[in-house]
Amino acid sequence: MSDIKSAIQRLARERDALVLAHNYQPDAVQEIADVVGDSLALAVHAASTDKKVIVLCGVYFMAETAAILSPQKTVLLPRREAGCPLADTATPERIREMRARYPQAPVVLYVNSSAAAKAESDICCTSANALRVVQSLPEQEVILAPDRNLGAYIAARTDKTCHLWDGCCPIHDSVAAEAVRKALEQHPDAVSLAHPECRTDVLRQVQHIFSTSGMLDFVAKSSARKFVVVTERGILCQLRRANPEKEFIFPESPLLCRNMKLTSPEDVLRALETMEPVVTVPEKVRRQAQGALERMLAVPRD
Ligand code: CIZ
């Protein structure tokens, strides 16, 4: 085991801390983490662990989600400046404006959003459960925010009227349909998977559309040997770890999130040493945001 990994583990034991890393984190961070997963799995782990400290290796909204669900725990985000341009588009003011325009439609908010935005929403969703969340609502009209591509993906699969927001993940949105077409042409024997944050012209070309957790489940169960994968490249670490005999091809596209790649194992060690930066959410906002998250968690799974 590397020196830094053993130093992190020793200090984590002393601090009574659990280190969580998102599927898009650098490989070196995924390797030192106790748990690796998508934002929802990480928040659920944070809430269910009896550890007192959570080190969230990801971006700001993920640490906020952990703080919303685990108010009694200390949540550390090793790089406080790790943000999310998609989350930044969904301001509470803009959500109130959307609601005023469509007062009959509940706001279904992607978890890739700030605590303040979650506090303005009716229910949250992830890319793994968005369709299920929308179908669970009694209303015939919904506001889907803030990712227009995930929104369009859901709108095409429900008979409800969907009012879409005009935000996007710049990483997934920048994947060109032509790059995906080329990858599929060069690897006709591969099974193709894309994330629903990609544009419709990309999604139309692939066989399966999944969140990161959905991709990992699917590949583990599939008898196929080769996959074209269209999502942030950090997923490769978990795909290879669980499926060393399988081959993964990415289209020619950067597919690298700068914010996700900010954190290093050294940052994790420093966060445990200094017990900073701590992420907190004001109590009133926290309680309202918790309501939206808990309504999502109460939606029955398939
Ligand atoms: O919800 C997440 O964790 C993100 C950002 C992507 C995914 O599909 O897991």
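**Where domain 1 meets domain 3**

Across the interface of domain 1 and domain 3, the rule finds one salt bridge.

A word on what you're looking at: this is a predicted model, where local features need pLDDT of at least 70, side-chain atom pairs count only at pLDDT 80 or more, and totals for chains, interfaces and linings use all residues. Residues are numbered from 1 along each chain as its sequence is written, and side-chain values use heavy atoms, with hydrogens and water left out.

Now step back. The domain assignment (bounds from an automatic or database source) gives domain 1 as 2-82 + 260-280, domain 2 as 86-168 + 287-297 and domain 3 as 175-249. The C-alpha centres of domain 1 and domain 3 sit 27 Å apart. Nine residues from domain 1 and eleven residues from domain 3 make the contact (heavy atoms within 4.5 Å).

How much area is buried between domain 1 and domain 3? It's about 830 Å², with carbon and sulfur atoms giving 46%; buried area is the accessible area (1.4 Å probe) that two parts lose on being put together, summed over both. On the domain 1 side, Asn23, Tyr24 and Gln30 lose the most area to domain 3, together 58% of what that side buries.

How values were computed: Salt bridge = Lys/Arg side-chain N within 4 Å of Asp/Glu carboxyl O.
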